[in-house]
Every structure is written in structure tokens, then in C-alpha cells.
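Subject: Structure handover

Hello,

Here is the structure I promised to pass on. Please open it next to this note, and read on below for what turned up.

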Amino acid sequence: NKAKLKELGIAATKLELKTKKTNSKIDYSALGRRSSSRLATKDNPALLVEPLTEFVDDPEEDIKPTKVRVKVRRVTGNNGVPMVNSAVEHLLRTSKEVYGPEEIAKLGSSKNTYLINRDKIYDKDNGTTCHQCRQKTLDKKTWCEYCGGLKGQFCGPCLYQRYGENLDEVLELTDWMCPVCRDICNCSFCRVRKGLMPTGILAPEAIGQGFASAAHFLIYSFQPEQKSLREL
């Protein structure tokens, strides 16, 4: 067979084809780098940026967050201690309420410290609702001799922290009048009904300022002379 192919001249042609079939690498460097028309070019110098030629790996050169100091005018209570609750500051600056000696006379007091029990038993079927916190629990509540209803029911913690009165002492009274009937209730419902903003969690701030309760804080802080000092 090889002799026959040689006679026909096919063997040389086959050998030549094998030689030409070898793959050769193409030099793409001569073709230039492909790039999108959106990239920076000499015709669009606005997009040209200097290439990064040096990398810095120094922990001292790390970017640190910038601290911005904001000056806040602190509102002070009657004892000169600056307020720390921004919500209370906003309340003092913006609320339009004003109280006088008649509201001071309506404030309650307590002879003894009321021991607050945080372990309340919630019962939506058999519990009674506190007018202030709206929680339906099985603990004792006040009873108002004037309204005799739901709005006269206050639990011990709310009565003590929001109005400075001791539940045990109040239950011994026969003519006790609730904060709602005295028109000094500072629950969110009563305040909104009067066109005032809710106080939020005011009791810890008020007691921290040296007031007997949140009600004492509000009524003493919104006396005409105190309100005038804040507006200076």
C-alpha cells in the first residue's frame, strides 16, 4: 500500500498536510487591548484617572471614623441637675401646658415608700384594668369614691411612680379622689384628650430629678415662672 501511494504521489501530500496542521500560538499583543467605548480614552480625558502604583499596608494609615460633636443645650430640673432624656427635653420645650397653685394643691403624697412588685399576674378574664398602664392584672387597684369606675382604678406601681401616692394608704381612705377626677391625670389618653402630647416613660426621669412622681414633675416644671425661664 505504501508503494502504491508513493507511485501516486499521495504519501508526500499527506506528510505535508501533517506538517502544516501543527498549532501555533497567536501573538495577541500586536492586536492591542480590547476595551469598551465607555472606558477612558484620549478622546474622553474626563474619564482618565491615574493608575494605582503603590499599595500601603500600614495599620497606622487605616481610615478611622470621624467623631462629630453636637452641642445640645441641656434642660435642667428644679434641683439644677441636667436632664438626660431627650424626649423629656422635647416635652419641656414644646408643650403648652401651664399649671398654677390650684394644681399643686391637688397633688397627692405618701407617708411611706411603696414597695413595687414587678411580678404581676396578667388575667384577661378575671383581672382588673389599671387606668394608667391599661394592664389587666389580678393585683389590687384603687377605688375612687367619686367616679367609682374604670377611670378611678390605678395599680400600685403606677399610682406611686406617676402620682406619688401609696396604694396601701389610699385603700384605707374613705373619701379618696382619683387623679382623673382631680384633673391631674397624666396618662396618654387623658393628655391627648386635652390636646397635650403623651409624656412617655417620664417617671424614672422625674424621680431621678428629685420629684416625688411624674405628676409632681409636670406640675412644678410647668409653673409660669419655670416656663418663662426655659423660653429665655
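First, a sorting rule for side chains. Ala, Val, Leu, Ile, Met, Phe, Trp, Tyr, Cys and Pro count as nonpolar, Asp, Glu, Lys and Arg count as charged, and the others, Gly among them, count as polar. By that rule, the lining of the largest pocket holds 10 nonpolar, eight polar and three charged residues. Please keep in mind that this is a predicted model.

**The pocket**

The volume of the largest pocket is about 470 Å³. Its lining is made up of 21 residues. Nearest the centre lie Gln-132, Cys-133, Cys-158, Gln-161 and Arg-162. Two elements give two or more residues to this lining: helix 5 (156–163) and helix 8 (203–208). Which of them supplies the largest share? Helix 5 does, with four residues.

**The chain overall**

The protein chain has 10 helices and two strands. In sequence order the pattern is α-α-α-α-β-β-α-α-α-α-α-α. The chain has 232 residues, and 31% of them count as buried. The exposed surface comes to about 17,400 Å², with 54% of it supplied by carbon and sulfur atoms. Now take the contacts between residues at least 6 apart in sequence: 59% of these join residues at least 24 apart.

**Leu-107 and His-216**

These two are worth a look together. Leu-107 sits in the loop between helix 4 and strand 1. His-216 belongs to helix 9 (residues 214–221).

Is His-216 buried or exposed? His-216 has a relative accessible area of 10%, and the cut-off for buried is under 20%, so His-216 counts as buried. Leu-107, at 14% relative accessibility, is buried because its value also falls under 20%.

With residues up to four places away left out, Leu-107 touches Arg-182, Ile-184, Ala-215, His-216, Ile-219 and Tyr-220. There is also a C-alpha distance to note: Leu-107 and Tyr-163 are 56 residues apart along the chain, yet their C-alpha atoms are separated by 7.2 Å.

**Salt bridges**

Side chains of opposite charge can pair when their charged atoms come close. How many salt bridges are there? The count is seven. Here are three of them.

- Asp-139 and Lys-120 meet at 3.9 Å, N to O. Asp-139 lies in the loop between strand 2 (136–137) and helix 5, and Lys-120 in the loop between helix 4 (101–106) and strand 1 (128–129), so the pair ties together parts 19 residues apart in sequence. Asp-139 is partly exposed, with a relative accessible area of 25%. Lys-120, Asp-139 and Lys-141 are linked in a network of salt bridges.
- Glu-165 and Arg-182 meet at 2.8 Å, N to O. This pair links distant parts of the chain, 17 residues apart: Glu-165 is in the loop between helix 5 and helix 6 (167–171), and Arg-182 in the loop between helix 6 and helix 7 (188–193). Both Glu-165 and Arg-182 are buried. Arg-182 is also one of the residues that Leu-107 touches.
- Lys-194 and Asp-183 pair with their closest N and O atoms 2.9 Å apart. Lys-194 is in the loop between helix 7 and helix 8 and Asp-183 in the loop between helix 6 and helix 7, so this bridge ties together parts 11 residues apart in sequence. Lys-194 counts as partly exposed, at 44% relative accessibility. Asp-183 is partly exposed, with a relative accessible area of 44%.

**Backbone angles**

Most residues other than glycine have a negative phi. Two residues here are worth checking against that.

Arg-134 is not a glycine, yet has a positive phi of about 65°. Arg-134 is placed in the loop between strand 1 and strand 2. At 33% relative accessibility, Arg-134 counts as partly exposed.

Asp-183, from the salt bridge with Lys-194, is the other. Its phi is near 65°, a positive value in a residue other than glycine.

That is the handover.

Best wishes

Key. Residues numbered from 1 in each chain as written. Predicted model: local features only at pLDDT ≥ 70, side-chain atom pairs only at ≥ 80, totals over all residues. Heavy atoms only, no water. 1 Å grid on protein atoms, 1.4 Å probe; cavity = no way out; pocket = protein on both sides within 12 Å on 5 of 7 lines; lining within 4 Å. Points joined across faces, edges and corners; volume = space filled by probe spheres on them. Buried < 20%, exposed > 50% of the residue type's maximum accessible area, 1.4 Å probe, protein only. Contact = heavy atoms within 4.5 Å. Areas by Shrake-Rupley, 256 points an atom, 1.4 Å probe, with all protein chains shown as cover. Salt bridge = Lys/Arg side-chain N within 4 Å of Asp/Glu carboxyl O.
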